[in-house]
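Come along while I look things up, one topic at a time.

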Amino acid sequence: MTSDKVLSIFKDITRVPRESGHEEKIVAWLQDFAARHSLECRTDAAGNVVMVKPASPGKENVPVIVLQSHSDMVCEKNSGVEHDFAEDPIKWEIENGWMIARDTTLGADCGIGMAAQLAVLTSDLPTGRIEALFTVSEETGLDGAKALKPGFISGKVLINLDSEDEGELFIGCAGGLDTTARFSYRMESLSESGLKFFRVSVGNALGGHSGDDIDKGRANAVQLLARFLYSQIGLGLSLCSIDGGNKRNAIAREAMAIVAVPESSASGFKASFADFASDVRKEYAATDPDVDFACESVSACLYAVEDAVAKALIASLFAAPHGVLAMSPDIKGLVETSTNLASVKMEGEGVIRIGTSQRSSVISAMRAAAAKVEACFRLAGAEVAHESEYPGWKPDTRSAILQECVASYRRLFGKEPVVRAIHAGLECGLFLETYPDLDMISFGPTLRGVHAPGERLDLASLDRFVRLLEDVLVNYK
């Protein structure tokens, strides 16, 4: 098995639509792959797929190892980019040792894990029985992992291939919870006379993973937009429309609003926005240097969100907690608790929806963070609901598969791997609810910019990842 083979399979995967929640085509592709290679294959009611590589001669008594990744991907693209994730293949290129998708997500999270599994299944590696598990809808709620039934897999050792830092072995992760606020509103008529209309926007922020990147000091476009709008409420601002962010597990990269201000305040409004943009560029010069800002005149709107609701919405978006809430007292550098202000969307029938997510390795702290978000939006008059809670994965430093992976890494590369937990959510905690005896670890190649356009895969790290995976599978006893 080589990294070239893994990369070749991943290139095939990039041609298959697999947005989270819409995995029908990738599930069918996996089933066809199994048929073409005469692999035992089962699919459950949720769409989870498991394929089997029988034990090699002489390896029949080696414990069964489950290789696991998720078959869906986060689908994000830059504004103005024409790309239909339901039909179009991902456009990628190779540059300076990286595989990059310029204007969309690449889907290496977790497509490269899928490719590694398929490469193992079709290899002649002398291993024990391998079960390759592909779960669905990980990115939108870990639905596949939640739906797993006893007996779908038989292995007691599981290697999750959904990590993003080569040289690091993960033995724990945070749990998560989604919190949604909804504002009900009416549209009020506006008089065109005496008003100026502007489209204000914050864009081109780095964004990124709402867990793994939450401590990197990146700009949240939704909250920055709310910050500016809040500063202008006293000018008689009317909110005609607002839109920002997208996926709950991604830091908001773009946000815009169309507003009306009295003609007498228009020049001051534009000057204030210019000052705001200048200030924010300085604030984020080190962590998000390419954030851009625009304020342009637009055609008149006939209606605006009723004033009381608009003020409450803007104030709560600005006041809502976002970012790191607590660092772990036990593991240096590990975020313990965080919250992500992910999106604001105007929906039909007079509803504005705010999407947020909370993460923590301490379940009570996660629920407290969600309650804090709830309190903020309830004070502003919104209805609030919580959903899609999932557990964390408690580290086990005595794990047998951990010891095997550490020994293998030393043997291959002559140095110690980093062993740690991750603030992002993995499916491992949920697996333990159905399979409590699993011994688990997670590792993968180096990915950067996941959940955002510009996502990229380090090809040198892919080679080391493949070597480690192969060595562990061949030598496990």
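**Cysteines.** I count two cysteine sulfur atoms as a disulfide if they lie within 2.5 Å. I am working with a predicted model, and I found zero disulfides in it. For Cys 110, the nearest cysteine sulfur is that of Cys 428, 11 Å away. I then asked myself: is Cys 110 buried or exposed? Cys 110 is buried, with a relative accessible area of 1%. Cys 376 is buried too, at 16%, because I take anything under 20% as buried.

**Nonpolar cores.** The largest one here has 65 residues. Met 51, Leu 118, Ile 159, Leu 457 and Leu 469 have the most contacts inside this core. Which helix gives the largest share of the core? I noted helix 3, residues 108-121, with nine residues. Next I picked Leu 469 and left aside its neighbours within four places in sequence. Its contacts are then Leu 67, Ala 116, Val 120, Ile 159, Leu 161 and Phe 443. Apart from this core lies another, of 50 residues, which includes Ala 221, Ala 266, Leu 317 and Cys 376.

**Aromatic rings.** I found twelve aromatic pairs in the structure. One of them is Phe 273 with Phe 276, a tilted pair with 5.8 Å from centre to centre and 45° between the planes. Both residues sit in helix 7 (residues 266-283), three residues apart, which is about one turn of the helix. Phe 273 is buried at 4% relative accessibility, and Phe 276 is buried at 7%.

I looked at Phe 443 and Phe 465 next: their ring centres are 5.9 Å apart and their planes are at 70°, so I wrote the pair down as edge-to-face. Where do these two lie in the chain? Phe 443 is in the loop between strand 21 (439-442) and strand 22 (447-448), while Phe 465 is in helix 12 (residues 459-475), so the pair ties together parts 22 residues apart in sequence. Both of these phenylalanines are buried.

I also noted one aromatic cluster, formed by Phe 198, Phe 228, Phe 269, Phe 273, Phe 276 and Phe 293.

**Charges over rings.** Arg 42 lies over the face of Phe 152, 5.6 Å from the ring centre. Arg 456 lies over the face of Trp 98, at 5.2 Å from the ring centre.

**From the record.** In an unreviewed entry, UniProt lists residues 204-286 as "domain: Peptidase M20 dimerisation". Over residues 204-286 I read 35% helix and 19% strand, with the end C-alpha atoms 15 Å apart.

How values were computed: Residues numbered from 1 in each chain as written. Predicted model: local features only at pLDDT ≥ 70, side-chain atom pairs only at ≥ 80, totals over all residues. Heavy atoms only, no water. Buried < 20%, exposed > 50% of the residue type's maximum accessible area, 1.4 Å probe, protein only. UniProt positions renumbered as here; feature names shortened; annotations may be inferred. Helix = DSSP H or I, 4+ residues; strand = E, 2+ residues; numbered from the N terminus. Core = buried A, V, L, I, M, F, W, Y, C linked by side-chain atoms within 4.5 Å. Contact = heavy atoms within 4.5 Å. Phe/Tyr/Trp six-rings, centres within 6.5 Å; stacked < 30°, edge-to-face > 60°. Lys NZ or Arg CZ within 6 Å of the ring centre and 35° of its normal.
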